[in-house]
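User: Could you take a close look at one helix for me and walk me through how it packs against its neighbours? I'd like one connected account.

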Amino acid sequence: MTSKHSPGPWSFQDHGSLILDARSGSSQTLVAKVEVNTYRDEGRYNAHLIAAAPELLEACQTFAEWLRREEAGSDGQPWAGKRGTPEGEAAWRAWWEENLRICNLAQEQVRAAITKAAGEA
């Protein structure tokens, strides 16, 4: 899926006690500036959340793909009505293993994105 936003990964740079900015990929394109209140850490956490946006989107897209496949189930699948045959069982097994792969990938992406967004990376 192509995106219209600046490509990731995004990171943030600390320019002293007043400004943090999120930057995109190797080109270091400015994505956002966050003013930091020197008396609170809210700005720093906002910068972490902004920097994690591409990873959060990717995790949501992966989860949505897994969910789409789960909801579709056997509709239109090559094994529909043929699970009792070796070919049908093999087709179902391939679908099942791909669903497990996508589900595991979504879980990994979600955990990593949350860690980054929370500033724990």
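What follows is a look at helix H2 and its two helix contacts.

Analyst: Happy to! Please keep in mind that this is a predicted model. Helix H2 covers residues 53–72, and helix H3 covers residues 86–117. For H2 and H3, the axes come within 8 Å and cross at roughly 155°. An angle over 145 degrees counts as roughly antiparallel, so H2 is roughly antiparallel to H3. The crossing of H2 past H3 is left-handed. By class, the residues in this contact are 13 nonpolar, three polar and seven charged.

Is Thr-62 buried or exposed? Its relative accessibility is 13%, and buried means under 20%, so Thr-62 counts as buried. Leaving out residues up to four places away in sequence, Thr-62 touches Ile-102, Leu-105, Ala-106 and Gln-109.

Now for the other neighbour, helix H1, which spans residues 42–51. The axes of H1 and H2 come within 4 Å and cross at roughly 45°, which means H1 is oblique to H2. On the H1 side, the contact involves Leu-49, Ile-50 and Ala-51, and these meet Ala-53, Pro-54, Glu-55 and Leu-56 in H2. That contact has six nonpolar residues, one charged residue and no polar ones.

Methods. Residues are numbered from 1 along each chain as its sequence is written. This is a predicted model: local features need pLDDT of at least 70, side-chain atom pairs count only at pLDDT 80 or more; totals for chains, interfaces and linings use all residues. Side-chain values use heavy atoms; hydrogens and water are left out. Axes are lines fitted to C-alpha atoms, for helices over the stretch in contact, and angles run from 0 to 180 degrees between N-to-C directions. Angles under 35 degrees count as roughly parallel, over 145 as roughly antiparallel, 65 to 115 as roughly perpendicular and the rest as oblique. A crossing is left-handed if the near helix is turned anticlockwise from the far one by less than a right angle, and right-handed if clockwise. Ala, Val, Leu, Ile, Met, Phe, Trp, Tyr, Cys and Pro count as nonpolar, Asp, Glu, Lys and Arg as charged, and the others, Gly among them, as polar. Buried means under 20% relative accessible area, exposed over 50%, partly exposed in between (1.4 Å probe, protein chains only). Contact means heavy atoms within 4.5 Å.
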